[in-house]
Amino acid sequence: RSIENEMKYDLKTFSVEAGKRVEIIFENPDFMQHNLVITRPGAMETVGRAADKLATDPRGAGMQYVPDIPEVLYHTRLVNPRETVRLEFTAPEQPGDYPYVCTFPGHWSIMNGVMKVVKSNTAL
C-alpha cells in the first residue's frame, strides 16, 4: 500500500518464489493517484525517466503513465485515492532483484522498492 502524504510504499522489499503465481493487493489511502510497476532488474531509472516523459505526451494519461517499453514487466493501472486493486502474474523464472516503482510523473525516484525473486527452495 502507499503511505498517506509520503509518496512511498509501505514495503521497501518483499520476496516471491521464481515461477510461482503472485497476487499483490495494492491499497491507495493517499490523496493522489499511484500505481505499481515492476521492472526488469536494473531498469528502475530507465522506466522512471520514460514515465516522466509521458507527462508531456498527449497520450501519457491514457497510458496510465506506464511506458510501453520492454523493461516494464507487470503493472497496475493508476489507482485512485481510497481505492484498492489486485495485480496477478507469474513471477520471473530468473532469481534477482526486480525494482517496483510508481510511474506517475515525478514519483519514481522516491516511491520505489524491490521485489526479490528467489529460487523455490530458498526460504522467503
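Q: Which residue stands opposite Val37 in this predicted model?
A: Val37 stands opposite Val101, a residue of β8.

Q: What makes β5 and β8 paired strands?
A: Two strands pair if there are at least two bridges between them. Strand β5, residues 37–39, is joined to β8 by two bridges, so the pair meets that requirement. The two strands run antiparallel.

Q: In which order do the strands of the open sheet lie?
A: The order of its five strands is β3-β9-β8-β5-β6, with mixed pairing. On average, neighbouring strands are turned by 30° against each other, direction ignored.

Q: Why is one side of β3 and of β6 left without a neighbour in the sheet?
A: Both β3 (13–17) and β6 stand at the edges, and each has a single partner strand; therefore one side of each has no neighbour in the sheet.

Q: Why is the aromatic pair of Tyr65 and Phe104 called edge-to-face?
A: Ring centres must lie within 6.5 Å for a pair, and planes over 60 degrees apart count as edge-to-face. For Tyr65 and Phe104 the centres are 5.4 Å apart and the angle between the planes is 70°, so the pair is edge-to-face.

Q: Where in the chain do Tyr65 and Phe104 lie?
A: Tyr65 is in the loop between α1 (44–53) and β6 (72–75), whereas Phe104 is in the loop between β8 (96–101) and β9 (112–118). The two are 39 residues apart, and their pair links distant parts of the chain.

Q: Why does Tyr65 count as buried?
A: Buried means under 20% relative accessible area. Tyr65 has 15% relative accessibility and therefore counts as buried. Phe104, with a relative accessible area of 25%, is partly exposed.

How values were computed: Residues are numbered from 1 along each chain as its sequence is written. This is a predicted model: local features need pLDDT of at least 70, side-chain atom pairs count only at pLDDT 80 or more; totals for chains, interfaces and linings use all residues. Side-chain values use heavy atoms; hydrogens and water are left out. Rings of Phe, Tyr and Trp (its six-membered ring) pair if their centres lie within 6.5 Å; planes under 30 degrees apart count as stacked, over 60 as edge-to-face and the rest as tilted. Helices (H or I, at least four residues) and strands (E, at least two) are DSSP runs, numbered from the N terminus. Buried means under 20% relative accessible area, exposed over 50%, partly exposed in between (1.4 Å probe, protein chains only). Axes are lines fitted to C-alpha atoms, for helices over the stretch in contact, and angles run from 0 to 180 degrees between N-to-C directions.
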